[in-house]
Amino acid sequence: MSARVCFVVGARPNFMKSAPVYRELAALDPSLELLLLHTGQHYDDAMSDVFFRELGMPRPDEFLAVGSGSHAEQTAKVLVGVERVLLEHEIDLCVVAGDVNSTIAAALAAVKLGIPIAHIEAGLRSFDRAMPEEHNRVLTDHLSDILLAHSEEAITNLQREGITSGVHLVGNTMIDTLLRHIDAGRALALPPQFQPGAYSVLTLHRPANVDSTELLQGLLDALEPVTSRMPVAFPVHPRTVRRLEEVRVPANLICLEPMSYIRFLGLVANSRMVLTDSGGIQEETTVLGIPCVTLRNSTERPVTCEMGTNILAGTDPDHIRQVLCSVLSKPKHAARVPPKWDGKAGQRIAEVLLTQGSAKARSAAPAIQHSFSMDRVSAG
Ligand code: UD1
C-alpha cells in the first residue's frame, strides 16, 4: 500500500504556506497518496477559494465547513472532523502549517491517533500569551515529530523549550509562493487611485487591534503622517469590517474588499510602505524590500526587523506617528533576506518528509505501520 499524507489547511495564510510543499512532494514521489483537507475555518471566496485557484492547489478532497465561532467551538469542530478523516483514509503522516486554530486542532487529532505530524513554520514565538496564535504555536510544536523551521531564531526558540530532535532548517515556504507569483502580481494594473511608489498599504485584523472601537480609532488616527501625504489602500478583513462602521475613517484611507493573493502581491510590491498587524506580510515585505511598519507590541518574526525592512511600532498612537515620520523621511534602505528564503523551502521539506516522515511513521503506532515503504526511504 502506498503512503498517505494528509495536508490540513483552514485559514488564508495556510494556503500559501502549504501549496509549495504539496506540489514538491507530489513531484518528488508520485506514488504517494496526498489528501488535501480544508477545515473551512475561512470559507468566503475572497478568503479561501480564490487562493486555491491562484496557487494552483487541487480542490480539497475533504471539506469540513467548520466556519466561524468561538475558539472552543471552532477548534472542537476541527478536532472531531480531522479525526474522522485521518481514520477513514488511514493517514500515515499529517502536515499542518502556521498557527491558526485549524493547525492546533489538526495536530491534536493526529497525535491522539499516533499519526506523525510535520509542522511547517515551527518555532515562531511572539512571547505574548495574549495572542491566540501563541498558544497554537507552542502546543503544535510540542505535538509535532518533524519541525520545519524557517530561521535560526525559530530553532533557538525550540531548543529553549527542549525540542531538539526532528528539527530542520528548511527556509520559508511563504516566500516560495511569493517568488512564484510576484511577476504575475506586478503585471496586474493597480486600481486607478494608486500610482507606483506614491501610496501605502494598510492591513489590520488582529483581535487586539480591531475588536475595540477605541483602539482601532487610535490606530487609524495615528496614520495621519501617511494619510496626509498619500492615499492608503486598505483591503479590509471580514473581522474588521463591522468595527469600521463605528469609527471615523481618515479621508485618504481607501477601504477595499479583501484581495486575491496575486493582486495583493502586486499592490504591496508597488507601494511606498506597508502598515500591518499581519505576521506573513512582515516576511513578504522583507523579501520585496518594501518598508513595513508593524502595528503590534510583539512579533514572532524578529528576523524581519533584524535583517529585513520591518519596524515594530507598537500600538501607542504617539509612538506610531514618530515611527511613520521617520520612515517617510528616509529613502528605502536595502534589506537583507534571511538564509534559505530562496524559493526552495518546499523542495527541502519534501526531501525531509520522504526520509524523516517515513521513519517516524514506521516507529509510530502499529495500526499505521503500513505507511511508507522501505524502498522509497533513504536514511531515516
Ligand atoms: C485567523 C487566524 C489568524 C490569521 C487570520 C488570517 C486563528 C485564531 N486566527 O484569524 O491567526 O492571521 O485567520 O486571516 O486561527 N470571516 C468571514 N469569512 C471568512 C472567515 C472569517 O466573514 O471566510 C469573519 C467571521 O466573522 C469570523 C471572523 O472573520 O468570525 C474571524 O474569523 P476567524 O477564522 O475566527 O479568525 P481570523 O480573525 O480570520
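User: Which domains is the protein chain divided into?
Analyst: The protein chain is divided into domain 1 (4-172 + 341-356) and domain 2 (177-328); the bounds come from an automatic or database domain assignment. This is a predicted model, in which local features need pLDDT of at least 70 and side-chain atom pairs count only at pLDDT 80 or more, while totals for chains, interfaces and linings use all residues. Residues are numbered from 1 along each chain as its sequence is written, and side-chain values use heavy atoms, with hydrogens and water left out.

User: What separates the centres of domain 1 and domain 2?
Analyst: Taken over C-alpha atoms, the centres of domain 1 and domain 2 are separated by 26 Å.

User: And how many residues are in contact across the two?
Analyst: On the domain 1 side there are 27 residues, in contact with 23 residues of domain 2; contact means heavy atoms within 4.5 Å.

User: How many helices and strands does the chain have?
Analyst: The protein chain has 16 helices and 13 strands. These are DSSP runs, with helices being H or I of at least four residues and strands E of at least two, numbered from the N terminus.

User: Why does the radius of gyration agree with a compact globule?
Analyst: Because a compact globule with 380 residues would have a radius of gyration near 21 Å, and the protein chain has 21 Å. The radius is taken over C-alpha atoms, and the globule rule is 2.2 Å times the number of residues to the power 0.38.

User: Buried or exposed?
Analyst: Met-174 is buried, with a relative accessible area of 3%. Buried means under 20% relative accessible area, exposed over 50%, and partly exposed in between, using a 1.4 Å probe and protein chains only.

User: What does Met-174 touch?
Analyst: Leaving aside residues up to four places away in sequence, Met-174 touches Pro-13, Met-16, Lys-17, Tyr-261, Gly-280, Glu-283 and Glu-284.

User: Which residues does Gly-10 touch?
Analyst: Not counting residues up to four places away in sequence, Gly-10 touches Phe-15, His-38, Thr-39, Gly-40, Gln-41, His-42 and Ser-102.

User: Back to the whole chain: what share of the residues is buried?
Analyst: Buried residues make up 59% of the 380 residues.
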